[in-house]
Amino acid sequence: MTSTVSATTAPSVTALSVEKVGGHIGAIVSGVRLGGDLDEATVAAIRAAILEHKVVFFRDQDHLDADGHEAFARRLGTPVAHPTVPSVDGRYALGIDNDHGGRANQWHTDVTFVPAYPAFSILRAEVVPPYGGNTLWANTAAAYAGLPEPLKVLADSLRGVHTNDFDYAAVRPEAPSEALEQHRKVFTSTRFRTEHPVVRVHPETGERTLILGNFLQKLTGFSGTDSRALAGVLQSHVERPENTVRWQWRAGDVAIWDNRATQHYGVDDSDDHARTLRRVTIDGDVPVGADGRRSVLLSPDTVPEPAHGIASGASTDGDVALA
């Protein structure tokens, strides 16, 4: 289904075409050239499409470079640096490639190990492999809506601890020693633990969404065995095929997703072919659960200020590399 949204400002008119690519998630937006000079009405139309479809895709945005990428990001909100990745030249555009963590298969929501994790992520493809290297997204609002009522009631009461100090060697047993060392020195240079509600109320749509994924260490108040089993039941609803969309990248593509209502998964199936993308994230807010309780930072005592921005060529082997 295709819909057209007109964003009008004198003296120009921009007509956005929004075409759904999945029943529960995903749409292609055409008729717009992304950049920092977009008018307010066009930006509002893009934001509305993101909120409705959870992830939107733009083809043929080859004109964007790091500056243009970041300039456009500022039209959606405030770009935010990764909590542990050092900056080079004040850049926010984080590099993701096969040599720096691009080879991992994990469902996750970006940076859930801190309380106010990003609201939006904007990912731009520079080099794509001849096959494979797709990214999948899942709608966590649709996943919650599809839960049986007794499971909704239980999920509404749950809280979970998220951390960046996960067992990377277990997740990637084939990882070279250099990757393991980078993970220890960069991604876990500061170890974060944050307790989130398992169900948050979306601050813009009012929908209830699930906060789960790879950074969930344990459900509060449960044994390790029970925590894994219960989290697995909830996560299985997120990963149901009808709640997901799969995108085959072309150079110049841009994907923007609502990080508060999605998980995503970078597929490692492109062999040794190069795959390079750049990501900018937009600052978010502290989640509020169905019971009105907010997320809480458990450790460290405060979130340290990261170096300004994220290097266009830097990346880690954690969540930032799983696109």
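Select Leu123 first, which is found in strand S7; helices (H or I, at least four residues) and strands (E, at least two) are DSSP runs, numbered from the N terminus. The model is a predicted one, in which local features need pLDDT of at least 70 and side-chain atom pairs count only at pLDDT 80 or more, while totals for chains, interfaces and linings use all residues. Residues are numbered from 1 along each chain as its sequence is written, and side-chain values use heavy atoms, with hydrogens and water left out.

Is Leu123 buried or exposed? Leu123 is buried, with a relative accessible area of 0%, where buried means under 20% relative accessible area, exposed means over 50%, and partly exposed is in between, with a 1.4 Å probe and protein chains only.

Zoom out for a moment to take in the whole protein, which has seven helices and 18 strands. Of its 323 residues, 56% count as buried. Among contacts (heavy atoms within 4.5 Å) between residues at least 6 apart in sequence, 85% join residues at least 24 apart.

Select helix H1, residues 40-53, together with helix H2, residues 66-76, whose axes come within 10 Å and cross at roughly 80°. The axes are lines fitted to C-alpha atoms, for helices over the stretch in contact, and angles run from 0 to 180 degrees between N-to-C directions. H1 and H2 are therefore roughly perpendicular to each other; angles of 65 to 115 degrees count as roughly perpendicular, those under 35 as roughly parallel, those over 145 as roughly antiparallel, and the rest as oblique. To see the contact itself, show the side chains of Glu40, Val43, Ile46, Arg47 and Ile50 on H1, and those of Phe72, Arg75 and Leu76 on H2. By class, this contact has five nonpolar, no polar and three charged residues, where Ala, Val, Leu, Ile, Met, Phe, Trp, Tyr, Cys and Pro count as nonpolar, Asp, Glu, Lys and Arg as charged, and the others, Gly among them, as polar.

**Stop three: the nonpolar cores**

In soluble globular proteins, nonpolar side chains tend to be buried together. A nonpolar core is a set of buried Ala, Val, Leu, Ile, Met, Phe, Trp, Tyr and Cys residues joined through side-chain atoms within 4.5 Å. The largest one here has 26 residues, and those with the most contacts inside it are Leu34, Ile46, Phe58 and Ile256. Which element gives the largest share of this core? That element is H1, from which six residues come. Select Ile46 next, which touches Leu16, Val32, Leu34, Leu38, Phe58, Phe72 and Ile256, not counting residues up to four places away in sequence. Apart from this core lies another, of 21 residues, among them Trp107, Tyr144, Val238 and Val267.

**Stop four: two open sheets**

Strands of a sheet pair through backbone hydrogen bonds, either parallel or antiparallel. Select S13, S9, S10 and S18, which form an open sheet of four strands in that order, with antiparallel pairing; two strands pair if DSSP finds at least two bridges between them. The edge strands are S13 (216-219) and S18 (296-299), each of which pairs on one side only, and the twist averages 30° from one strand to the next. Three bridges join strand S10 (residues 193-197) to S18, and Arg193 stands opposite Ser299 in S18.

Move on to the open sheet of three strands, which has the order S14-S8-S16 and antiparallel pairing. Its edge strands are S14 (244-247) and S16 (262-266). Four bridges join strand S8 (residues 135-139) to S14, and in S14 the bridge partner of Trp137 is Val245.

**Stop five: backbone details**

Most residues other than glycine have a negative phi, and most peptide bonds are trans. Select Lys54, in the loop between H1 and S4, which has a positive phi of about 75° although it is not a glycine. Lys54 is buried, with a relative accessible area of 2%. Asp60, in the loop between S4 and H2, also has a positive phi, near 60°, but Asp60 is exposed, with a relative accessible area of 53%. Finish at Pro300, in the segment after S18, where a cis peptide bond joins Ser299 and Pro300, with omega about -10°.
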